[in-house]
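Trainee: Could we go through the charged pairs in this one together?
Mentor: Gladly; here is the entry to look at.

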Amino acid sequence: MFKIFFSCLCLLMFAQNSFGQSLRMLSMGNVSYAIIDEDNDLSPYNFDGNPAWFYNDEKTSWLKIIPSSSNEWGTYKKLYTPNRQNNYGITFRGVKTLGTDGTFLGETSYLYETRRGVKSSLKYDPYFGGAFFFNDTSSGNFRYDGPNVRFLYGLEVLPGLFGGASFDYCIMNGLKDIYTRSETHLREVGGNVGFAYQFSDKFVLAADYELSDYLEKIEAKSEDLLDVENYYFRGETFSIKKRSSSVSDKIRRTYNKTGLQVYSLPLRSLEIAAAASFRSDVELTLIPYVKDNESYAEFEEGNSKFYTYNAKTSIRYFATEKLILGVHAEFNKRKSWSKNSDKNLLLWEWDISGVTAGVGTSYKLLNNALVTAEYNLVSSNGDSSKYIDSRFTTTKSIDHHIRLGAEYQIMPGSFLRGGFNYSMIENDFIFGGKDVKYTRATLGAAFNIFNTVTLDVYTSYSFLKPSSGSVQRDWLESVVSLKLLNL
């Protein structure tokens, strides 16, 4: 099943998180190419997440309180995908400006996640792309919860030279509700450091380096003095059975990423941004065992490596005071292989690449309405060689994505927003269907209260449906943001 290896990559390629993404753009159909917004400029921070430009991006102090929920369900799914997944979270995010001493961001959040109807798999992310799985013999429900903290600091080091750094730490605990009642402990810590030099008001050159360390421990333990039965899979077909009063698995994943960003304003009516990055991931599957009947050690069952290349550029042209035109182009490529560490045997090898070309425009009607539209053409190619499973697949897809959005000003500081997305996907790399249609509707509103409090609300419903069969995947999302100024 070639499709199952690309869910993580496709999210990276075609639904990348914008570091400064606002509820305003989400409410307007997630448009971005031709929208002017404080969180959607083409600076190195908002365009590619370089913390060095954070000092220039945030000029006032504020605090945001953000509760959110997302729900996903349906029969259009992969083997180990939950029948239903519900996520609930609360985030507190604050910015404090310190003048010439820099700008500080602090964030803390708590996530509660439930997964229902998960078949066999005990890994938190079985479709990251490696060839190793840890399963039991039952289908059940999982519950995960835990906190996440983030800190970011930026300042002007020297005249024209800006620096910044961020730190992230997340822990989560999980539990399966039936046999084998496996317990999961997740920990991820990472950071990003960047520099940017402003040669003039019209040109900025920046670079950053990001790294992360992820650890997942899974333990299935009997509660009634009976043995539990688990399977260490190598590929999709072959597995090793382990029966014991306690069976464990450990996944260790590290990555480092290097990025380069350029911002240029050659004309007052024209701005250009470009970015390129290279990311390297290593995933190890470690099985604990008793050494010399005394101490515990870990056996490296397998290792997987991933190499991701990305290059993108966006151009905005301010044709008139009311009309903005935008162009976006992006290239992505990810290569991976998985090996059995003990025998150094190549088990899986695959790569996927994609090119995106998009255009967008926005137009202001009178003084209280804004409409926008975007179109993206995506061409992707995938090649999978599963040597251990004797499966070799090549897949190509030409996809079309349309985004529409509108905003209406009710009164000064208060807005109503809406959006609509429609996509035609030739081959769905995430779930595996052919001639898939994606439909999404978004709604939102913003209210300015006493000039110091802003309330933003956003909700969306979307579904993904292949042309054949009666299967479908649905999503429902809601976010509320309460922003307090001048703290």
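**Salt bridges**

Mentor: D351 forms a salt bridge with K333 (a side-chain nitrogen of Lys or Arg within 4 Å of a carboxyl oxygen of Asp or Glu), and the closest N and O atoms of D351 and K333 are 3.7 Å apart. This is a predicted model, in which local features need pLDDT of at least 70 and side-chain atom pairs count only at pLDDT 80 or more, while totals for chains, interfaces and linings use all residues. Residues are numbered from 1 along each chain as its sequence is written, and side-chain values use heavy atoms, with hydrogens and water left out.

Trainee: Where do D351 and K333 sit in the chain?
Mentor: D351 lies in strand β14 (residues 345–365) and K333 in strand β13 (residues 323–340), so the pair links distant parts of the chain, 18 residues apart; strands are DSSP runs of E, at least two residues, numbered from the N terminus.

Trainee: And why does D351 count as partly exposed?
Mentor: Because its relative accessibility is 23%, and partly exposed is the range between buried, under 20% relative accessible area, and exposed, over 50% (1.4 Å probe, protein chains only).

Trainee: What about R187, which partner does it have?
Mentor: R187 forms a salt bridge with D213, with the closest N and O atoms 2.6 Å apart. R187 is in strand β6 (residues 183–200) and D213 in strand β7 (residues 203–221). D213 counts as buried because its relative accessibility is 15%.

Trainee: Switching topic, how many salt bridges are there?
Mentor: The count comes to 27 salt bridges.

Methods:
Helices (H or I, at least four residues) and strands (E, at least two) are DSSP runs, numbered from the N terminus.
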